[in-house]
Amino acid sequence: MERILIVDDDEGLVHFLGRFFKRQGYDVHSCTGGRTALDYVARTQFDLILLDYKMPDLNGLDTLKEIRKSQVKTPVIIMTAYGTTETVIEAMRLGAYDYLAKPFDREELRRVSADALEVNRLMKEVVSFPSAHNDASADLQSMVRIVGTNRKMQEIYKLIGQIADKDVTVLITGESGTGKELVARAIYHHSHRKNKPFLTINCAAIPDTLFESELFGYERGAFTGAERGHIGKFERCHGGTLFFDEIGDMSLSTQAKVLRILQQGEFERLGGTETLKADVRVIAATNKDLEEMVVQGLFREDLLWRLKIISIHLPPLKERIEDVPVLVDYFVRRFSREYRTPIRHVSEAALGKLKSYSWPGNVRELENCIRRAVLLCQGDVLLEEHLGIEREEPVPPGSVGSHQLLQNIERKLDDLLVDLTGLARREPHTNTFELVEKAFISRVLKECGFNQVKAAKMLGISRNTLRHRMKKYAVLSPDD
Ligand SMILES: Nc1ncnc2c1ncn2[C@@H]1O[C@H](COP(=O)(O)OP(=O)(O)OP(=O)(O)O)[C@@H](O)[C@H]1O
Ligand SMILES: [Mg+2]
């Protein structure tokens, strides 16, 4: 269970935060002063610390400095009511992960804390791979492993071993779900930067307008609404490793700035004049063909050359089908431990089916398939019927058939199922169906700019039904 420490002299806030995190199933510890906090930190390892900036005995910044000495990787979120830009910037320089300006609402709290906990997990969960230095027992202890003995995979392990500790840029390519992020994390954990941050930036998930401020930060007043300054990921990641996921989605103007950082280690915050230095190792990943993008003028050739000093290409699962049995065995063991099921064996027929499938979603699809099978399996043998793999219909080359789309949707439902199972276990009276329906309807409405005709069409229900549901769930459009 993940452990959170809350430090604030405002007992009301401590109480509120405590309830907020306990409800989500975290192990919560709290105290009202910096000195006590340091006692806690000396004894217990935390996954997230929320720290008030202004406390009577020892202020947040001094407390932070001390915490940093013993819990190097634990993300610390500074909470400040009196914070000027300088406080926040100073706190982030000292290694705070993020900040919350009081008063903050639940949504902000949820967003900032979820992000920090995710980063914590990525930094602390060691990813190991088979190598000359890794004996089998070390492998068993770590939670995440890169599995597979295919010849190409062995070459990849060798390469990871050779380059992890050198400060070179690495470009990881391969289809979706082949393990690119896993390889990036393995490189990080085997580098001398392993005690420094590992931050991810997903180039496809952030709108272009926000991307540069996210990367480089901005000065106060850089644009309307920038009431305080903001430290970007490059600065926060100083000394560490920055993982550019989906780098093929980065705009050309950002590419130019990233190239400059890679070449000179220099950048400016938006609206700033001071040139800053960042010592950051970059690892990038993409499932796009960057070479082809260069030809089309969508990706800078000089950046591509700079990125692929070392390049690692992960083969799709269908080209290393011999790895399916070991992967299945690994996932069955992992999930039966996680869900406390006694599965000991996978039937021959089931394994045969797994080996003959084409795995368009690669290892991620296999992982989800086994996860679902483990959840559905009643006895100790996993059978064909638990797998939910249908006979494959041929799809015209190059097009995404509706069969494939349906499969994609099902794959995403697998992830949802896992969270819902967790929630239902923790809060048995939750009506999960309504929870999902409400969230889905709200999301679709938002996507359609609250145009009810459009939303109803997308959902395949009548406008009246949509109205009825909106009323039932008290979903309001912005003009209501
Ligand atoms: N060789 C492997 N051994 C064990 N687990 C693996 C392996 N490859 C991938 N996985 C698992 O499959 C899932 C997908 O891997 P990952 O997120 O690294 O893929 P990706 O290539 O980054 O995909 P995308 O392009 O969709 O982001 C993860 O849960 C990962 O742990
Ligand atoms: Mg990925």
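## Terms and model

Helices are DSSP runs of H or I with at least four residues, strands are DSSP runs of E with at least two, and both are numbered from the N terminus. This is a predicted model: local features need pLDDT of at least 70, side-chain atom pairs count only at pLDDT 80 or more, and totals for chains, interfaces and linings use all residues. Residues are numbered from 1 along each chain as its sequence is written, while chains are lettered from A and ligands numbered from 1 in the order in which they are written.

## Domains

The protein is split into domain 1 (3–110), domain 2 (127–314), domain 3 (317–418) and domain 4 (432–472). These bounds come from an automatic or database domain assignment. Between the C-alpha centres of domain 1 and domain 3 there are 41 Å.

## Ligand 1

Around ligand 1 stand 15 residues. The closest are Ser 176, Gly 179, Lys 180, Glu 181 and Val 363. A residue is near the ligand if its C-beta atom, placed from the backbone, lies within 6 Å of it. By class, the shell has four nonpolar, seven polar and four charged residues. Here Ala, Val, Leu, Ile, Met, Phe, Trp, Tyr, Cys and Pro count as nonpolar; Asp, Glu, Lys and Arg count as charged; the others, Gly among them, count as polar.

Helix 8 (180–189) and helix 16 (362–376) each give at least two residues to this shell. Ligand 1 lies between domain 2 and domain 3, because both supply shell residues.

His 189 belongs to helix 8. His 189 counts as buried because it has 21 C-beta neighbours inside 10 Å. The cut-offs are these: 20 or more other C-beta atoms within 10 Å of a residue's own make it buried, 12 or fewer make it exposed, and anything in between is partly exposed, with C-beta atoms placed from the backbone. Leaving out residues up to four places away in sequence, His 189 touches Val 126, Val 127 and Lys 194. Contact means that the two C-beta atoms, placed from the backbone, lie within 7 Å. His 189 and Glu 125 are 64 residues apart in sequence, and their C-alpha atoms are 8.9 Å apart.

Asn 362 lies in helix 16. Asn 362 is not a glycine, yet its phi is positive, about 55 degrees. With 20 C-beta neighbours inside 10 Å, Asn 362 counts as buried.

## Helix 1

Helix 1 runs over residues 11–23. At 1.5 Å a residue, its 13 residues should span 18 Å, and its end C-alpha atoms are 18 Å apart, which agrees. The expected span is 1.5 Å times one less than the number of residues.

Leu 13, Leu 17 and Phe 21 are buried in helix 1. Seen down the axis, the buried residues fall within an arc of 55 degrees, so they line one face of helix 1. The arc is that of the directions from the helix axis to the C-beta atoms. An α-helix has 3.6 residues a turn, so residues three or four places apart point the same way. The cover over the buried residues of helix 1 includes strand 1 (3–7), strand 2 (27–31) and strand 3 (48–52). The face turned away carries the exposed residues Glu 11, Gly 12, Arg 19, Lys 22 and Arg 23. Gly 25 follows helix 1, with a positive phi near 90 degrees.

## Helices 9 and 11

In helix 9 (residues 208–216), the buried residues are Glu 212, Leu 215 and Phe 216. They fall within an arc of 80 degrees seen down the axis, so they line one face of helix 9. Their packing partners are strand 9 (198–202), strand 10 (217–218), helix 10 (233–236), helix 11 and strand 13 (266–267). Thr 209 and Leu 210 are exposed on the other side of helix 9. Just after helix 9, Gly 217 has a positive phi of about 80 degrees.

Helix 11 spans residues 252–264. Its 13 residues reach 18 Å from first C-alpha to last, close to the 18 Å expected at 1.5 Å a residue. Gly 265 follows helix 11, with a positive phi near 70 degrees.

Most residues other than glycine have a negative phi, and most peptide bonds are trans. Glu 246 has a positive phi of about 55 degrees. Its place is in the loop between strand 12 (241–245) and helix 11. Glu 246 is partly exposed, with 18 other C-beta atoms within 10 Å. A cis peptide bond joins Lys 102 and Pro 103, with omega about -5 degrees. Pro 103 sits in the loop between strand 5 (98–101) and helix 5 (106–124).

Arg 151 is in helix 7 (residues 151–163). Arg 151 counts as exposed, with 10 C-beta neighbours inside 10 Å. The C-alpha atoms of Arg 151 and Arg 110 are separated by 44 Å, and the two are 41 residues apart along the chain.
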